[in-house]
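This report goes through a protein structure part by part. Please look at the sequence and the model below before reading on.

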Amino acid sequence: MTSIADIEIPADGTGTGQLFEAVPSLTCEMERVIASSGHGLWLSGPSQSEVEDALDEADAIGSYSQISSDEDRWLYDIEFEPDTIDPFELVLEEGGTVLSASASNGTWLLSVRVVDRESVSSLYDRLDDKDITPTIVRLFDLAEETHSQCGLTARQYETLVAAIDHGYFEIPREVSMQELSEELGISHQALSERLRRAYRALVTSELNVTEEETAAPPVPTN
């Protein structure tokens, strides 16, 4: 049964540890998709010159190059040295997928999808063996009850997961609706309708809106 684990990992001892030592105000966010052999990391907090000075001085950083920028943050393609502890790679080796990863104050928070809870236990042990003690913040199984509690059908849930995995909700989008519909084997119109119904179900569930309220006419404004 597929599980989701939110795991906190100290940056100290990993490939980014020295970066946080050099610039404690640094924040990092992993880019979901990047066409390279390294990791795409959005870096922000200090000035860009301070960021690049830290990258230059970090022994664990093999190479880096700037890919993009967005206001006061910069996207870098970063490759770690071969002997560096890379928690992202450890997740992949355990058959998992990093859904999101961000770091501040020297601590990473990873949201990881794995095939079962045993994979989470194995990942925990591997990190612990490397003297990086993780903290399991949240762990839950993606059973049928998970999506039904949110008012989603199984197909709506699967469509939203696919949209997240393919970067549909990223800014800018990494896949078009047409491309996503082809990936799912459904028409563009069917995908659009399924997403709208899923959005409505999620919003209704999260805001605890009743059927009577959703059916009520809009209040006129002047």
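## Helix H7

The buried residues of helix H7 (residues 177-184) are Met177, Leu180 and Ser181. Around the axis they span an arc of only 100°, so they lie on the same side of H7. That arc is taken from the directions that run from the helix axis to the C-beta atoms. Buried here means under 20% relative accessible area, exposed means over 50%, and partly exposed lies in between (1.4 Å probe, protein chains only). Helices (H or I, at least four residues) and strands (E, at least two) are DSSP runs, numbered from the N terminus.

An α-helix has 3.6 residues a turn, so residues three or four places apart point the same way. Glu182 and Glu183 are exposed, on the face of H7 turned away from its buried side. After H7 comes Gly185, with a positive phi near 75°.

## Basis of the model

This is a predicted model, in which local features need pLDDT of at least 70 and side-chain atom pairs count only at pLDDT 80 or more, while totals for chains, interfaces and linings use all residues. Residues are numbered from 1 along each chain as its sequence is written, and side-chain values use heavy atoms, with hydrogens and water left out.

## The sheet

Eight strands form an open sheet in the order S4-S5-S3-S2-S6-S7-S1-S8, with antiparallel pairing. Strand S4 (61-70) and S8 are at the edges with a single partner strand each, so one side of each has no neighbour in the sheet. From one strand to the next, the twist averages 20°. Two strands are said to pair if DSSP finds at least two bridges between them. Helix H2 (residues 48-57) packs on the sheet, where it touches strand S3 (39-44), S4 and strand S5 (73-80). The direction of H2 makes about 5° with that of S5; axes are lines fitted to C-alpha atoms, for helices over the stretch in contact, and angles run from 0 to 180 degrees between N-to-C directions.

Strand S1 (residues 3-10) is largely enclosed by the rest of the structure, because six of its eight residues are buried. S1 pairs with S7 in the antiparallel sense over eight bridges, and Ile4 has Arg113 as its bridge partner in S7. S1 also pairs with strand S8 (residues 135-141), antiparallel and over six bridges; here Glu8 has Thr135 as its partner. Elsewhere, strand S2 (residues 27-30) and strand S6 (residues 97-104) run antiparallel and are joined by three bridges, with Cys28 opposite Ala103.

## Nonpolar cores

A nonpolar core is a set of buried Ala, Val, Leu, Ile, Met, Phe, Trp, Tyr and Cys residues joined through side-chain atoms within 4.5 Å. The largest has 36 residues, of which Leu26, Leu43, Leu55, Ile78, Trp108 and Leu110 touch the most other members. A second, separate core of 13 residues includes Leu152, Ala162, Ala163 and Leu191.

Contact means heavy atoms within 4.5 Å. Apart from neighbours within four places in sequence, the contacts of Leu110 include Ala5, Ile7, Phe88 and Val91.

Asp116 sits in the loop between strand S7 (107-114) and helix H4 (117-129). Asp116 is partly exposed, with a relative accessible area of 27%, and its side chain reaches the backbone nitrogen of Glu118 at 3.2 Å.

Ser119, in helix H4, is buried, with a relative accessible area of 9%. Not counting residues up to four places away in sequence, Ser119 touches Glu94 and Val114.

Key: A polar contact is a pair of N or O atoms within 3.5 Å; within protein, one must be able to donate a hydrogen and the other to accept it, and residues adjacent in sequence count only if both atoms are side-chain atoms.
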